[in-house]
Amino acid sequence: MRRQCRLIGQLLLILASVLLGSAAAGVDVVEFGQSRLVGEVKHLERGKLYFKTEATDTIQVDWADVTALATTQHLRIEYRDGRISFGSLAAGAAPSLLAIVGDAEVRERPMADVVAFQAIESGFWDRLDVDASVGYAFARSTEVERLDLAIDVQYETERHSRRLRLAAQSSESEGGASSIRRSARYLTLRLDHAPYLWGWMGDYEDNDALNLEFRVLGALVGGRDFYPLPNRRLRAIGGLAVSEEGFLEGEQKAGAELLFGGLVDWYRFSSPELNLSSSLIVYPSLSETGRWRSQFDITLSWEIYDDLHWRLSFYDAYDSDGVDADGAGGSSVNDYGVSTGLGWSW
């Protein structure tokens with residue numbers, strides 16, 4: 001229980017450091033049906049336009065229902081073909097047309113071609129999106145206590161997307177047996193050559209079930225977005241990584257690996273909203289012949305009320321040449337788990 005308390009304290013300190021921010025209502029205009037609102041455009045994501053007014057705070061409008069939109073904010077705009085552009089928005093010459101106002105020209109595009117846009121905020125805190133979830137379970141029959149924590153932080157600038165994910169699973173039984181898994185992944189991508197992208201990734205993991213005291217990994221990555229839609233995103237990535245590993249029995253080793261995989265996001269906009277996110281990354285080793293690792297994650301998020309959601313997650317970590325519970329190297333090891341809990345988005 002003491003280890004779990006330390007774990008909670010560590011993650012809550014990280015979360016508290018990013019929960020600041022403010023926004024002021026602007027003079028943007030959105031029209032849908034017979035309605036017209038004046039306020040501030042926040043962003044377009046997953047088929048929903050987020051718009052803030054002084055009277056309603058932030059509301060969601062189905063993008064398919066919007067007939068006109070105007071904002072002087074500087075936006076990063078993403079289209080169905082995966083390309084992006086930058087500029088402000090004005091009403092087009094006909095309903096359901098958008099005028100994209102760039103630095104040197106004005107172009108009109110059908111609203112149906114626009115799948116997402118994000119205001120490039122000037123303030124650091126305004127660019128942050130945070131999602132946190134916590135789950136707890138206790139089985140009286142086995143006297144096993146389990147705690148699951150996850151924090152996602154995303155930071156957007158004009159040409160970069162940065163994401164930090166922190167996760168921890170801890171279990172402890174009355175008899176004293178316990179296990180813990182902690183992971184952190186930071187990914188930064190440059191987006192101004194969309195649909196192609198490139199950047200770098202850093203990973204940290206420790207996992208008692210894999211007899212892994214630590215693994216630190218750094219990688220150069222590149223990839224491509226395929227056929228983005230308001231309700232779907234498919235991204236393929238590949239790259240070259242170097243890593244350092246230490247095992248609980250004292251063995252340490254460094255190596256080089258390839259990495260390749262894919263990320264899939266699917267959304268449902270009708271109430272209750274659903275968000276299904278999954279990723280699979282495979283790491284064939286370059287320094288150890290025949291060794292390969294994989295990491296699979298899938299998360300289902302189901303809206304309960306406004307920003308409150310229920311989350312169900314599954315992970316699977318495999319190593320074809322790890323260290324087993326007896327300390328023997330060259331063993332195939334696998335760890336997987338399911339967690340559930342409540343989450344909140346900011």
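Reader: Why is R215 called buried in this predicted model?

Author: The relative accessible area of R215 is 7%. Buried means under 20%, so R215 falls in that class.

Reader: What makes the contact of R215 and E205 a salt bridge?

Author: The side chains of R215 and E205 meet at 3.4 Å, N to O. The criterion is a nitrogen of Lys or Arg within 4 Å of a carboxyl oxygen of Asp or Glu, and the pair therefore qualifies. R215 lies in strand β15 (residues 212–229) and E205 in strand β14 (residues 196–207), so the bridge ties together parts that are 10 residues apart in sequence.

Reader: Is E205 buried or exposed, and how do you know?

Author: E205 has 10% relative accessibility. With the limit for buried at under 20%, E205 therefore counts as buried.

Reader: What makes K253 and E288 a salt bridge, and which parts does the pair tie together?

Author: Their side chains meet at 3.4 Å, N to O, and the limit is within 4 Å. K253 belongs to strand β17 (residues 252–268), whereas E288 is in the loop between β18 (274–284) and β19 (292–305), so parts 35 residues apart in sequence are tied together. K253, at 16% relative accessibility, counts as buried.

Reader: Which residues are linked with these pairs in a network of salt bridges?

Author: The network links R181, E205, R215, E245, K253, E288, R291 and D319. The whole structure holds 24 salt bridges.

Reader: Why is strand β9 described as largely enclosed?

Author: Six of the six residues of β9 (residues 114–119) are buried, so the rest of the structure largely encloses this strand.

Reader: How do you know that β9 pairs with strands β2 and β5?

Author: Pairing needs at least two bridges. Strand β2 (residues 35–45) is joined to β9 by two bridges, in the antiparallel sense. Strand β5 (residues 66–79) is also antiparallel to β9, over five bridges.

Reader: How many aromatic pairs are found, and what makes W63 and F117 edge-to-face?

Author: A search of the whole structure finds four aromatic pairs. In one of them, W63 and F117 have ring centres 5.9 Å apart and planes at 80°. Centres must lie within 6.5 Å, and planes over 60 degrees apart count as edge-to-face, so this pair meets both conditions. The pair links distant parts of the chain, with W63 in the loop between β4 (57–62) and β5, and F117 in strand β9, 54 residues apart. W63 is buried at 8% relative accessible area, and F117 is buried at 2%.

Reader: Why is the pair of W292 and Y318 called tilted?

Author: The distance is 4.9 Å centre to centre, with 45° between the planes. Stacked requires under 30 degrees and edge-to-face over 60, the rest being tilted, so W292 and Y318 are tilted. W292 lies in strand β19 and Y318 in strand β20 (residues 308–323), 26 residues apart.

Reader: What makes the charged end of R181 sit over the ring of Y315?

Author: The charged end of R181 is 3.9 Å from the centre of the Y315 ring, and the distance limit is within 6 Å.

Key
Residues are numbered from 1 along each chain as its sequence is written. This is a predicted model: local features need pLDDT of at least 70, side-chain atom pairs count only at pLDDT 80 or more; totals for chains, interfaces and linings use all residues. Side-chain values use heavy atoms; hydrogens and water are left out. Helices (H or I, at least four residues) and strands (E, at least two) are DSSP runs, numbered from the N terminus. Buried means under 20% relative accessible area, exposed over 50%, partly exposed in between (1.4 Å probe, protein chains only). Rings of Phe, Tyr and Trp (its six-membered ring) pair if their centres lie within 6.5 Å; planes under 30 degrees apart count as stacked, over 60 as edge-to-face and the rest as tilted. A charge sits over a ring if NZ of Lys or CZ of Arg is within 6 Å of the ring centre and within 35 degrees of the ring normal.
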